[in-house]
Amino acid sequence: MGGSGTLISVYPEELTFLFELDKACYCNLKVVNNSEHHVAFKVKTTSPRKYFVRPNASIVQPWDSCTITITLQAQKEYPPDMHCKDKFLIQSTKVPASTDMDEIPPDTFNKEADKVIEEMKLKVVYTLPSGGSDDSSVSSLGSRSFKAASDDLTLLKNASIEEIQTIQRLKDERDNMLQQNQQMQRELDVLRRRRSRKGDTGFSLTFAAFAGLIGVLVGLLLSLIFSSPPATA
């Protein structure tokens, strides 16, 4: 069951992520417009660096709905007792029907005397795969995580300065390529929405094929970079 307000309803009322180390995980959130007005919404979080929200702001037409995909970035360690303190806030307000969903005015969600801003708060819940949420499972997973970190530290101690610099450079290149890939995905989504509203369908297949090719090339490059460890002296 989700939260419900005068303007919108949100399902579910808790964001549940299947938590795994070094893996991104996803959660879908459905926003339903309960009114005869165009409603703009905006998603905020207490931990913006941990989550990628798409779209983080948009407009829902009367009696329509919108699905938001929230991605928890890959984490290197488990939170204490698998308890998450992160929170999400969804703000919503009525807007004119002519408002462009890709160019929502920055003052749309400012709290003013003549404007109604509804707010809904959602908490985050982490779960473990295969129902492994008991204390012994968390302890075992934490022990394996600590052992892996210790092994990495040992490897770094035995590595030369050149090898450490090479590893760091490869990691930086990987992070840059991942950021570029995410940016391309965001730009692709914006262009798709704009083209769909204009009724131009000839563009979408070509651009989607191009974006898919770029994604494949980035994946192959990452695979080549990390498939072979740096040569030892």
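Predicted model: local features only at pLDDT ≥ 70, side-chain atom pairs only at ≥ 80, totals over all residues.
1. Aromatic count. The model has 5 aromatic pairs. Ring pairs join F17, F19, Y51, Y78, F88 and Y126 into a cluster. Two of the pairs involving F19 are described below.

2. F19 with Y78. This aromatic pair is tilted, with 5.4 Å from centre to centre and 40° between the planes. The pair links distant parts of the chain, 59 residues apart. F19 sits in the loop between β3 (14–18) and β4 (25–33). Y78 sits in the loop between β8 (65–72) and β9 (87–95). Both F19 and Y78 are buried.

3. F19 with Y126. Here the ring centres are 4.9 Å apart and the planes meet at 45°, so this pair is tilted. F19 is in the loop between β3 and β4, while Y126 belongs to strand β10 (residues 118–127), so the pair ties together parts 107 residues apart in sequence. F19 and Y126 are both buried.

4. Sheet order. Five strands make an open sheet, in the order β1-β2-β4-β8-β6. Pairing is antiparallel. β1 (3–4) and β6 (51–54) are the edge strands. Each has a single partner strand, so one side of each lacks a neighbour in the sheet.

5. Inside the sheet. β4 and β8 pair in the antiparallel sense over 8 bridges. For a specific contact to check on screen, take N28: its bridge partner in β8 is T69. In general, strands of a sheet pair through backbone hydrogen bonds.

Terms used. Residues numbered from 1 in each chain as written. Heavy atoms only, no water. Phe/Tyr/Trp six-rings, centres within 6.5 Å; stacked < 30°, edge-to-face > 60°. Helix = DSSP H or I, 4+ residues; strand = E, 2+ residues; numbered from the N terminus. Buried < 20%, exposed > 50% of the residue type's maximum accessible area, 1.4 Å probe, protein only. Pairing = 2+ DSSP bridges.
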